[in-house]
Amino acid sequence: IEQGRMMELAMRRHERAQKNILRRKARQTALKLNLIEAALVMAAVSVPDILLDYTIVGAIPIVGDVLDIGTGLALYFWVKARGLDQGKPWYVSWGPGLGTGIEIIPFGDLVPSHVAVVLVIIILNTQGGQRLAKIISPV
């Protein structure tokens, strides 16, 4: 009788472990980004990155840099708050900082780097992009 109980307990533990593994895999492959949010973030980043950089506001040295740093920080907090970098390559987490670094360089404002960062994040949070990321960067 005792041996039967032990066997039943071991089977239940094994089933629970299998369910936890399946849940973890489902969480990792779940898409965390929907089309509406992606479009809103793209629009919000496009205003300071494209519109203001090509007008007089982005050309003012201190004001343009403050706008670029603010945009980079907003992107970074968005990525961290939504968990868009979990299970993704290292450059998803570092992307906003890289984009901000490019924007601060003189004449780097001409490259819409924050828009490119958001595009990479959106692509890597789709199923096809996740497969591509594993091929490019298996880490």
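Predicted model: local features only at pLDDT ≥ 70, side-chain atom pairs only at ≥ 80, totals over all residues.
Me: Let's take them one by one. Which side chain does Arg 12 meet in a salt bridge?
Reply: Glu 8 is the partner, with N to O at 2.8 Å. Both sit in helix H1, which covers residues 2-29, and because they are four residues apart there, about one helical turn separates them.

Me: Okay, next pair. What does Arg 82 form a salt bridge with?
Reply: With Glu 37; their closest N and O atoms are 2.8 Å apart. As for accessibility, Arg 82 counts as partly exposed at 33%, whereas Glu 37 counts as buried at 17%, because under 20% is the cut-off for buried.

Me: Which residue pairs with Lys 80 in a salt bridge?
Reply: Asp 85, and the closest N and O atoms are 2.6 Å apart. Lys 80 is partly exposed, with 37% relative accessibility, while Asp 85 is buried, with 14%.

Me: Now the helices. At what angle do H5 and H6 pack?
Reply: To read a helix pair, check the angle and the distance between the axes. For helix H5 (residues 90-104) and helix H6 (residues 113-124), the angle is about 170° and the axes are 8 Å apart. H5 and H6 are therefore roughly antiparallel, since an angle over 145 degrees counts that way. The crossing of H5 past H6 is right-handed.

Me: Which residues make the contact?
Reply: On the H5 side they include Tyr 91, Val 92, Gly 95 and Pro 96, and on the H6 side His 114, Val 117 and Ile 121 are among them. Sorted by class, this contact of H5 with H6 has eight nonpolar, five polar and one charged residues.

Me: What about H4 and H6: how do their axes cross?
Reply: At roughly 10°, and the axes come within 11 Å. That makes H4 roughly parallel to H6.

Me: Which residues in H4 meet H6?
Reply: Asp 68, Thr 71, Gly 72, Leu 75, Trp 78 and Val 79 in H4 meet His 114, Val 117, Val 118 and Ile 121 in H6. By class, the contact of H4 with H6 divides into six nonpolar, three polar and one charged.

Me: Let's finish with Trp 78. Is Trp 78 buried or exposed?
Reply: Buried: the relative accessible area of Trp 78 is 13%, and Trp 78 lies in helix H4.

Me: What does Trp 78 touch?
Reply: Leaving out residues up to four places away in sequence, Trp 78 touches Leu 33, Glu 37, Val 41, Leu 84 and Ile 121. Take Val 41: this residue is 37 residues from Trp 78 along the chain, and their C-alpha atoms are separated by 9.1 Å.

Notes:
Residues numbered from 1 in each chain as written. Heavy atoms only, no water. Salt bridge = Lys/Arg side-chain N within 4 Å of Asp/Glu carboxyl O. Helix = DSSP H or I, 4+ residues; strand = E, 2+ residues; numbered from the N terminus. Buried < 20%, exposed > 50% of the residue type's maximum accessible area, 1.4 Å probe, protein only. Axes fitted to C-alpha atoms, helices over the stretch in contact; angles between N-to-C directions. Parallel < 35°, antiparallel > 145°, perpendicular 65-115°, else oblique. Left-handed = near helix turned anticlockwise from the far one by under 90°. Contact = heavy atoms within 4.5 Å. Nonpolar A, V, L, I, M, F, W, Y, C, P; charged D, E, K, R; others polar.
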